[in-house]
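Biologist: Can you walk me through this one? I'd like to start with the sheets and then move on to the side chains.

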Amino acid sequence: MATDYVIAKQVSKHFGHQQVLNQIDLTLPAGMIYGLIGPSGAGKTTLIKSILGMEVVDSGTVKVMDTVMPNRAVMAQVGYMAQSDALYETLTARENLTLFGQLLSVPKIKLAQMIDYAAGLVDLTSQLDKRVSGYSGGMKRRLSLAIALIQDPQLLILDEPTVGIDPELRQQIWTELNKLKDTGKSMLVTTHVMDEAERCDYLMLIRHGIALAEGTPAALKQQYAVDTIEQVFMKAGRMQDANDGNS
Amino acid sequence: MRTMAIVKRVFKQMLRDKRTLALMFLAPLLIMTLMYFLFQNNTTQVASLGVHHVDQSVVNVIDTKNVTIHHYDSSQARKMIKQHDLDGYLTQKNGQLTITYSNSDPTSTSLIKASLQSGLVKLKMKTLVTVTKKQRAALESQQAALKKLTAAQTQATVTKLKTAIAQAQARGDQATAEKLQKQLKQATATTSSSTQSAKATSYTTKSHYIYGSSDSTFFENFSPAFLGFFVFFFVFLISGVSLLNERTTGTLSRLLATPIRRSEIIMGYLIGYGGFAIVQTVLTVVFTIVVFKIHLVGSIWLVFLTNLLLALVALTLGIFISTFTNSEFQMIQFIPLIVVPQIFFAGLVPVDGMASWLQAIAHIMPLYYGANALTAVVTKGAGLGDIGVNLLILVGFMVVLTMLNIVGMKRYRKV
């Protein structure tokens, strides 16, 4: 754990009058699964896009792999899975993987191998040459994850990766993510699912663009004196609302 | 490398979308075929003209292959035109001809007008000819009388001379006889002088066409402009909608989460859809030339080049316009706004005759330059030097729009 893959400092961002991110600090070292939890519209996706360099922040700095974002070249080192499945439906899964492999400059010899590896990981090997238009929602999600893995990146940014995936496969994917973590890769994961939050090494609770709380799942539960992350989340939310009411 | 990945993707997507392919390649052929038959026989229109109490001589000269005559018993032109669905009504009061046009179809009106005018001219000529004939007859009879008179005179002179010669010969005066002989010859020679009658010269016309031939039709004149229009229209629509889809499905945003340059995406689109535009152009041009035997005066390569540039402008314009839309339906809404007005400036109406502000509008329409160049090449055989300015302007349109598109993509990624 020599280096930090992501260092975000005092990141603020607003759209119009709405403050979407308010002075967020985030540090993601190598070999860690970092969970971002929070309700819809909390600013998770905006934070992710700021880290990727697709959004420009109003203030604060974001560094990925020791490079100030936005930076086009660094994007090749980040595997990204978007919240919505952005896939070419008329192409087959293999063609989708090939396209993104080429865009990420994966060498030709390595590409076929990486496609097999990524497809195997999400259990799509037998469906690789089927057109995506015939895929179920869960299959599309898995293909999106496979695309995020295509260039074997050190850093994975996954926006709600397990939505629409059945519990068994979800279990499998988490096992895989842990394996990847053991090879020194890091993951930044957003989720709604609280039992997934429990699997993360480190959590940040975001609500109304503010980092309410952060820490390991165990520490958070202890801090709020509750048994589950769900309860931590609700308690923290109530406290925030109470504070807003006072001020 | 990344551009080529985009190009390959565009090709694969298009080749799998059979309907779009059919639209792009077959629809222009279908419309061209329709137009060919619609505009082919443009001279067979016949106008119907009602007449009332008009001199038969006048009716005879108006009755041409373009006008059919119907005789009626009423002088109320307005009523008769409505009742019998006529294009015009002609009445006569003494020497005054009165014509009433229905004017619901300007072509019919002008047909009748032309027939009437030429008919009246013909009539005037006829009377002139009759007058001349009478004069000639009078002249000829005078001539004949004169001839008779001179003949009689000559006869008298000849007999007089002959007796004088005979007398001279009898006297043995050879010199006088010879002198008189000469006079005799002269006297007889004048009578045999030619009486050439003046013949009226009849004129025949022989036509030469600098461009095209006598069987040039509307279709032939307008087909180059339409060629350009189809390429423009279909490429605009297809490229615009496809980038729009890319935006609404999120794939554009996903693409931009890779290190691809914004310009590489645009270039990929230009090459990918440009390729299909080339196929479309070649297909349409070859079809019109081979099937409809369009007379192509200039170089076919210049036609291809112009169409390709036009397609690239349409491509960049389609992508540009799609940034302002959120659905395919909104993209369609831009067609009457952006595409349809261009056809008016493509040469169907001569731009030189337009109001100056309309001419100014024409000069911001890419199709104006493209169609002008195409028409010049196809019908006048213009070379690269003649249409070079037009092509450069098209390139200018393309470059500016491409720049705008590349900058416009900053909305989705800041670098």
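Modeller: One definition first: contact here means heavy atoms within 4.5 Å. With that, helix α7 (residues 217-224) of chain A lies across β9 and β10 of chain A, at about 110 degrees to β10(A). Keep in mind that this is a predicted model.

Biologist: What is the strand order in the open sheet of six strands?

Modeller: The order is β6-β7-β8-β3-β9-β10 in chain A, and the pairing is mixed. β6 (78-81) and β10 (210-215) of chain A are the edge strands, each pairing on one side only. From one strand to the next the twist averages 15 degrees.

Biologist: How do β9(A) and β10(A) pair?

Modeller: In the antiparallel sense, over five bridges, with β9 of chain A spanning residues 202-207. A:Arg207 stands opposite A:Ile210 in β10(A).

Biologist: Which residues of β6(A) are buried, and on which side?

Modeller: A:Val78 and A:Tyr80 are buried on one side, A:Gly79 and A:Met81 on the other, so both faces of β6(A) are covered, with buried meaning under 20% relative accessible area.

Biologist: Which strands of this sheet does α1(A) lie across?

Modeller: Helix α1 (residues 44-52) of chain A lies across β3 (33-37), β6, β7 (155-159), β8 (186-191) and β9 of chain A. Its direction is at about 150 degrees to β7(A).

Biologist: Now the sheet of four strands. What is its order?

Modeller: That sheet is also described as open, with the order β2-β1-β4-β5 in chain A and antiparallel pairing. β2 and β5 of chain A are at the edges with a single partner strand each, so one side of each has no neighbour in the sheet. α1(A) packs on this sheet, touching β1 (4-15), β2 and β4 of chain A, and its direction makes about 60 degrees with that of β2(A).

Biologist: How many bridges join β4(A) to β5(A)?

Modeller: Two, in the antiparallel sense, with β4 of chain A covering residues 59-64. A:Val64 has A:Thr67 in β5(A) as its bridge partner.

Biologist: What is phi for A:Gln23?

Modeller: Phi of A:Gln23 is positive, about 50 degrees, although the residue is not a glycine. A:Gln23 is in strand β2 (residues 18-29) of chain A. A:Glu160 also has a positive phi, near 50 degrees, and is likewise a residue other than glycine.

Biologist: Where is A:Glu160, and is A:Glu160 buried or exposed?

Modeller: A:Glu160 lies in the loop between β7 and α5 (167-182) of chain A. A:Glu160 is buried, with a relative accessible area of 6%.

Biologist: Over to chain B. How is chain B divided?

Modeller: Into domain 1 (2-38 + 213-411) and domain 2 (47-189). Their C-alpha centres lie 62 Å apart.

Biologist: And how many aromatic pairs are there over all chains?

Modeller: A search of the whole structure finds 17. One of them is B:Phe25 with B:Phe276, which is stacked, at 6.4 Å centre to centre and 25 degrees between the planes. B:Phe25 is in helix α2 (residues 18-40) of chain B and B:Phe276 in helix α9 (residues 262-292) of chain B, so the pair ties together parts 251 residues apart in sequence. Both B:Phe25 and B:Phe276 are buried.

Biologist: Why is the pair of B:Phe233 and B:Phe234 edge-to-face?

Modeller: Because the planes of B:Phe233 and B:Phe234 are at 75 degrees, with the ring centres 5.2 Å apart, and over 60 degrees counts as edge-to-face. B:Phe233 and B:Phe234 are buried.

Biologist: Last one. Which charged end sits over the ring of A:Phe100?

Modeller: That of B:Arg254, 4.8 Å from the centre of the ring.

Methods
Residues numbered from 1 in each chain as written. Chains lettered and ligands numbered in written order. Predicted model: local features only at pLDDT ≥ 70, side-chain atom pairs only at ≥ 80, totals over all residues. Heavy atoms only, no water. Pairing = 2+ DSSP bridges. Axes fitted to C-alpha atoms, helices over the stretch in contact; angles between N-to-C directions. Domains from an automatic or database assignment. Buried < 20%, exposed > 50% of the residue type's maximum accessible area, 1.4 Å probe, protein only. Phe/Tyr/Trp six-rings, centres within 6.5 Å; stacked < 30°, edge-to-face > 60°. Lys NZ or Arg CZ within 6 Å of the ring centre and 35° of its normal.
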